Amino acid sequence: MKTIICISRQFASGGLEIGKILAERLDIPLYDSEIIDECVVKTGMNKELVHSHDEKASASLLYSIAMGYLGNHYIEAPGDAVFRAQAEAIRGFAEKGACIIVGRCAGEVLRDIPDCKRIFVYADGDFRQNRATTQYGCEQGKVKKILRDKDRERASYYTRYADYPWDSIQSFDLAINTACCGIEGAVSVISAFVECCEKG
């Protein structure tokens, strides 16, 4: 069985850290920034362009309508082009074998793969605020706004490119609150969940 784990996460909830630990424990590759690199290699896109649109929804609908057509020619919005390239990279990584993919609507991109497990990692405000200031260097006075903005950005991205909203139970197979179980606890829960799924 080729298990593919796709982790979506609230900012500062520990999703990437969980993915890294899980990848070591299961001895399978983890793809995060590698997806950006693959887009650049495969498409020739500018790395800064890909990075600037990474996990960000394309411009507003009105802007997309205004910029989408020039005469009789359709012009793809940069964010949509980046998502399409990332989705191709994600499918390519999944074809290689078992892996963990963080963010970028990977669970939706790979929804048709039976062995794809879609995980959502979240946590309460205090836990995330603490991680945002200690792990990411966010200023204490600005951290609440940063969390709100990041959540809004990721939810918008997910809504644009996925079949279900970011907070829909239909979007994921398992949701974990790291404020309750911690990072290591979340890794153990996901490991046990994957093992149970493999046993059928």
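**View 1. What lines the largest cavity in this predicted model****.** The lining residues split into 4 nonpolar, 2 polar and 4 charged. Here Ala, Val, Leu, Ile, Met, Phe, Trp, Tyr, Cys and Pro count as nonpolar, Asp, Glu, Lys and Arg as charged, and the others, Gly among them, as polar. You'll find Ser8, Arg9, Glu55, Gly103, Arg104, Cys105, Arg154, Tyr157, Tyr158 and Trp166 around the space. Two elements, β1 and α8, each give two or more residues to this lining, and α8 has the largest share, with 3 residues. The cavity holds about 70 Å³, and the count is 1 cavity of 30 Å³ or more. (A cavity is a set of points, on a 1 Å grid over the protein atoms alone, where a 1.4 Å probe fits but cannot get out; lining residues have an atom within 4 Å of a point. Points are joined across faces, edges and corners, and the volume is the space filled by probe spheres set on them.)

**View 2. β1 and its strand partners****.** Strands are DSSP runs of E, at least two residues long, and helices are runs of H or I, at least four, all numbered from the N terminus. β1 is mostly covered, with 6 of its 6 residues buried (buried is under 20% relative accessible area, with a 1.4 Å probe and protein chains only). Ile4, Cys6 and Ser8 point one way, while Ile5, Ile7 and Arg9 point the other. β1 runs parallel to β5, joined by 4 bridges, and Ile7 sits opposite Val102 there. It's parallel to β6 too, with 6 bridges, and Ile5 faces Lys117. (Strands pair if DSSP finds at least two bridges between them.)

**View 3. The largest nonpolar core****.** In soluble globular proteins, nonpolar side chains tend to be buried together. This core has 31 residues, and Ile4, Ile35 and Phe83 are among those with the most contacts inside it. (A nonpolar core is a set of buried Ala, Val, Leu, Ile, Met, Phe, Trp, Tyr and Cys residues joined through side-chain atoms within 4.5 Å.) Elements giving two or more residues include β1, α2 and α8, but the largest share, 9 residues, comes from α5. Another core of 18 residues lies apart from it, with Leu30 and Ile190 among its members.

**View 4. Who touches Ile35?** Leaving out residues up to four places away in sequence, its contacts (heavy atoms within 4.5 Å) are Gln86, Ala89, Ile90, Phe93, Ile101 and Arg104.

**Notes.** Residues are numbered from 1 along each chain as its sequence is written, and side-chain values use heavy atoms, leaving out hydrogens and water. Local features need pLDDT of at least 70 and side-chain atom pairs 80 or more, while totals for chains, interfaces and linings use all residues.

Conventions: Buried < 20%, exposed > 50% of the residue type's maximum accessible area, 1.4 Å probe, protein only. 1 Å grid on protein atoms, 1.4 Å probe; cavity = no way out; pocket = protein on both sides within 12 Å on 5 of 7 lines; lining within 4 Å.
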